[in-house]
Structure formats: structure tokens, C-alpha cells
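Trainee: I'm new to this one and would like a close look at a single part. Could you walk me through the place where two chains meet?

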Protein chains: 2
Amino acid sequence: MNELGNATFENYIGLNDGYTEMAYQMVAHTLTLGYAVMLAGLFYFILTIKSVAPKYRISSVLSVVVMVSAFLLLFAQANNWTSSFVFDKESGLYFLGEGEDMFNNGYRYLNWLIDVPMLLFQILFVVTLTKSKFTSIRNQFWFSGAGMIITGYIGQFYEVTDFYAFAIWGAISTLFFIHILILMRRVIKEGQEGIPAEASKVLGGIWVLFFISWMLYPGAYLMPHLLGIEGGFFNEAGVVGRQMTYTVADVASKVIYGVMLTQVAQIMSKSEGYVEGAPAKA
Amino acid sequence: MNELGNATFENYIGLNDGYTEMAYQMVAHTLTLGYAVMLAGLFYFILTIKSVAPKYRISSVLSVVVMVSAFLLLFAQANNWTSSFVFDKESGLYFLGEGEDMFNNGYRYLNWLIDVPMLLFQILFVVTLTKSKFTSIRNQFWFSGAGMIITGYIGQFYEVTDFYAFAIWGAISTLFFIHILILMRRVIKEGQEGIPAEASKVLGGIWVLFFISWMLYPGAYLMPHLLGIEGGFFNEAGVVGRQMTYTVADVASKVIYGVMLTQVAQIMSKSEGYVEGAPAKA
């Protein structure tokens with residue numbers, strides 16, 4: 001920090017060191033892949049909505065909500081990347097362009113502020129809670145989901161300027177995250193009781209997917225620090241690795257999670273006598 | 001590579017040599033044709049989804065997923081081309097613009113990372129396997145499909161900077177490709193057993209289409225090297241020919257393939273007594 005209290009950005013790659021062609025392009029491609037998957041997922045959830053009984057359809061609707069918001073915010077994130085940097089013919093590297101915005105992951109965070117509560121809420125329409133109260137779980141999911149994202153969002157601004165603020169906000173965010181994991185474990189355990197074995201198996205798979213894919217986010221948050229933020233190859237690898245990790249995590253925790261919930265709902269619908277296209281009995 | 005470890009781009013056309021008006025425009029038009037076909041295909045697959053029985057509709061849904069992701073990534077690829085180069089009035093050639101990104105085929109590759117697993121998966125919902133296990137074939141398709149694309153994606157970064165890395169990654173990618181061809185041959189052979197002759201004939205056509213269209217990709221990967229990367233007419237012809245080949249291959253392997261699978265599903269649906277618009281029996 002200088003005497004005016006402005007942050008120093010000397011560790012921000014692209015400002016002094018440049019990105020190599022491969023690193024720059026890999027991030028551009030990965031971010032583009034990310035929003036394309038979300039729009040593809042949007043169509044998937046719309047087109048499969050009638051494959052489940054009406055009472056489960058709100059799960060598909062929430063997947064659609066998640067896809068729309070993720071598509072738009074990841075699209076903005078991708079444009080932020082490609083417009084920030086310009087190719088320098090002499091060095092063959094990409095540098096922050098004159099008059100361009102810095103690249104910042106904040107678009108992602110504000111996307112999660114919509115998506116995280118929706119994703120957590122969504123599963124409550126597919127499973128039946130045997131012991132816990134629906135409204136209590138829902139409110140705890142929303143409280144800790146929003147708390148996790150907002151504190152992480154504040155923390156990421158300090159990444160290159162103030163490591164302690166970055167770490168402390170990250171730690172508070174992690175506490176909310178642990179609370180979410182405990183709740184989700186309980187929801188899935190209760191949901192597995194008394195349902196067809198096939199559906200129970202898919203729900204068990206959703207827990208594994210949820211645990212692994214959500215654990216990728218704190219890993220990505222720390223990645224440039226873990227790989228060394230002081231410049232050079234590992235710094236660049238940290239930036240590229242983070243965008244790839246976020247993209248894998250986004251696809252797994254939003255799209256694959258939604259597809260698996262649809263699958264559970266399809267099995268449950270079938271076991272309850274639902275046939276797609278057959279007239280409902282009044 | 002220079003002493004700083006940065007890649008040298010002296011063989012990259014547009015940097016020192018320029019593209020002629022004809023070459024530049026042909027690529028721009030071909031890329032635009034490519035994404036336009038994908039959006040048109042998107043509407044085709046949505047509008048024909050009810051012409052097949054519910055159990056086959058997931059094939060159309062997967063075609064829609066492929067169309068959406070291909071549309072967006074080919075759109076980004078086309079914009080990458082038109083924004084990279086600027087016309088030089090004096091020489092009448094197109095050169096890399098000041099402050100613009102280099103042109104890179106990576107958007108295509110990351111599109112294939114979605115599309116290849118989906119296209120391979122799709123056929124498994126139309127055919128009935130008589131000997132092989134659905135999950136085993138699916139997992140092998142996904143493993144080798146992703147392996148083929150990721151290794152090809154890494155390889156293409158070395159095209160102008162390191163021929164050996166380019167060739168070795170390409171060779172590994174080809175091994176995965178051969179595995180896919182063997183699997184697809186088996187799936188189609190088994191799928192042809194015991195189905196109406198008309199459907200079996202279309203499935204046989206799908207094998208021919210699949211084989212020819214997928215073989216175009218390794219050809220396009222090598223094309224600028226086959227035609228001589230050392231500058232001049234053949235170098236330029238290699239770049240233009242590659243984009244045309246990729247576009248023909250994309251249209252054949254995604255759109256025509258999907259249309260033919262829909263045709264098989266329509267014949268099967270009809271032979272099983274499905275009538276579009278009639279209520280299903282509960």
C-alpha cells in the first residue's frame with residue numbers, strides 16, 4: 001500500500017510481466033467453454049422438464065434460473081478477459097491494454113450469489129425430508145450460502161494487495177461453507193430413506209459430486225498463492241489453473257448436479273406411475 | 001524458442017506475411033457459415049423432437065446441446081478471425097492488427113470437448129446394444145473422446161513453434177481416435193440387429209458418414225504442414241483449406257449425423273406404434 005492508501009498492483013500479471021500466447025488463449029477458450037455449457041444446459045433443462053411428474057418440475061425450473069444467470073455472468077467474465085489484454089508483437093506476450101479494465105473474477109462471485117441459494121434450494125424439491133423441517137433447512141441454506149459468497153467476494157479484491165485481508169475473509173467464507181456441507185449431508189441422508197434403490201444410488205452420487213465440486217472453489221481461490229504469486233511460470237500457471245478449476249467446478253456443481261437431480265426425479269416419477277404424454281388424472 | 005523461453009511466431013501468417021483478400025474473406029465466410037448452420041440445426045432438432053417416441057427424445061436433446069455449444073464457440077472463433085486482422089491499404093493484404101489477439105483454433109477444440117462426448121453418447125439412446133454393456137461403452141466413449149480432444153488441443157499450440165511437440169501430441173490424440181472408431185463400429189453393428197430393414201440401412205449410412213467426417217479432423221490438423229508452412233501460396237491455402245475442412249466436418253458430424261439419428265428414431269417409433277400427438281397409455 002502506498003501512502004495514499006491505494007493498493008499496489010505490482011504482482012498483477014499482465015501489468016508488468018505478460019501472459020504467453022498459450023496461457024492467454026487457454027483462459028479465453030476455457031471461459032468461452034464455460035458460458036457455452038451453461039446455454040446448452042439451459043436448453044437441456046427446458047426440453048426435459050416434462051420427463052418428470054409436475055411436483056418435481058420446480059427443480060428443472062431452478063436449473064434454468066441457474067443456467068441463465070451463469071450464462072450471462074460468465075459471458076461478461078469472458079469478455080472481461082479478452083478485452084483486458086492486448087498482444088505485443090515484439091515480445092509475443094499479452095499485456096493489459098491501454099485504457100482497458102483490469103481482469104477481475106468478481107463477475108463469477110456475483111453469479112454465485114444467485115446460483116448458490118438456488119442450487120441448495122433445488123434439491124429440497126426432489127428429496128423428501130423425514131426429520132428436518134423444510135423451511136428451517138431452506139433458511140439455513142440461504143443464510144450460509146449468501147454469507148459464503150459475500151465474504152469470498154470481498155476477500156478476492158485483496159488477492160494481490162493485502163494477503164492477510166484475503167486470508168481472513170477467505171476463512172470466514174470457509175466457515176459458512178462447512179455449515180453448508182453439514183446441511184447437505186443431512187438432506188441427502190434423509191432423502192435416501194424409503195426411496196427406490198436406483199434413485200438412492202444416484203442421490204449418493206450427488207453427494208460425492210457436490211462434495212468434490214464445491215471443494216474446488218476454495219482451492220481455486222487460493223491457487224495463485226499456492227503456486228507462488230511472485231511472477232514467472234507458476235504465477236501464470238496459477239491464473240490458468242484457477243480459471244480451468246472454476247470452469248470444471250461450475251459445470252459439475254450446476255449442470256451435472258442438475259442433470260443428476262433430474263435423473264432422480266425421473267426414477268421417482270416413474271415409480272409413482274407417471275408416464276410422459278399420458279393425460280393426468282383429475 | 002528464443003533465449004527467454006518465449007515461443008517464436010515467425011511462421012504465423014499475418015504477422016510478417018499478410019493474407020490476401022481472397023484468403024482472408026474465404027475464411028471469414030466459411031466460419032460464419034459454420035455457426036449459422038448450427039443455429040439452424042438447433043431449431044430443426046427442437047421442432048422435430050415430438051416426431052419420435054419419448055424414449056428416443058434424449059437423442060434430439062443431445063443434438064440441441066451440441067448445436068448450442070457449437071454455435072457459441074464457432075461464433076467466438078469467427079469473431080477471433082475478423083477482429084485479429086486488419087487490411088493494409090498499401091500492400092492490399094491483411095495483417096495482425098495492432099493490439100489484437102492472435103488467431104487460434106482453440107475455441108473449436110474446447111467446443112469439441114463438449115460435443116464429442118455428447119455425439120458419441122447420443123447414438124446409444126437410439127440403438128439397442130445386444131452384447132455390449134451400455135455403461136461400459138459410454139465410459140469408454142467419454143474417456144477416449146476427452147483424451148482425443150485434450151491432447152489435440154495441447155498439440156495445436158505448438159503448430160508454428162515446435163513441430164515435434166505438435167506431431168507427438170497429435171499422434172497420442174490419434175490413438176484415442178482409433179479406439180473410438182472401433183467402438184462406434186461395434187455399436188452400429190449391434191444396433192443393426194433385429195431392427196426394421198429401413199432403419200438398419202440408415203444406421204449403415206451413419207457409419208459411412210461418421211468414418212469419413214471424423215477422418216477429416218486429423219487431416220485438417222496436419223493440413224498447413226502438409227501443404228508447406230514456410231510461407232507463400234501453399235501456406236495460405238493450408239490455412240483456408242483447414243477452416244473449410246473443419247466446417248464441412250462439423251456440419252457432417254454434428255448436424256447431418258443428428259438428422260440421420262432422428263430418422264432412425266422416427267422409423268423405430270413408427271414400428272413400435274408411436275403416433276405423434278396421440279396420448280400415451282398410462
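How many salt bridges are there between chain B and chain A?

Mentor: Happy to. Keep in mind that this is a predicted model. The count between chain B and chain A is one salt bridge. The partners are B:Arg57 and A:Glu276, whose side chains come together at 3.5 Å, N to O. Now look at which parts of chain B do the touching. Four elements of chain B each give two or more residues to the side that touches chain A: α1 (21-47), α2 (57-84), α3 (106-122) and α4 (134-156). Of these, α2(B) gives the most, with 10 residues. Sorted by class, that side of chain B holds 27 nonpolar, six polar and five charged residues.

What about the overall extent? The size of an interface is often given as the accessible area lost when the parts come together. Here chain B and chain A bury about 3000 Å² between them, and 73% of that is on carbon and sulfur atoms. In residues, 38 of chain B are in contact with 36 of chain A.

While you have chain A in view, pick out A:Thr151, which sits in helix α4 (residues 134-156) of that chain. A:Thr151 counts as buried because its relative accessible area is 9%, under the 20% cut-off. Setting aside neighbours within four places in sequence, A:Thr151 is in contact with A:Trp169, A:Ile172, A:Ser173 and A:Phe176.

How values were computed:
Residues are numbered from 1 along each chain as its sequence is written. Chains are lettered from A and ligands numbered from 1 in the order in which they are written. This is a predicted model: local features need pLDDT of at least 70, side-chain atom pairs count only at pLDDT 80 or more; totals for chains, interfaces and linings use all residues. Side-chain values use heavy atoms; hydrogens and water are left out. Contact means heavy atoms within 4.5 Å. Buried area is the accessible area (1.4 Å probe) that two parts lose on being put together, summed over both. A salt bridge is a side-chain nitrogen of Lys or Arg within 4 Å of a carboxyl oxygen of Asp or Glu. Ala, Val, Leu, Ile, Met, Phe, Trp, Tyr, Cys and Pro count as nonpolar, Asp, Glu, Lys and Arg as charged, and the others, Gly among them, as polar. Buried means under 20% relative accessible area, exposed over 50%, partly exposed in between (1.4 Å probe, protein chains only).
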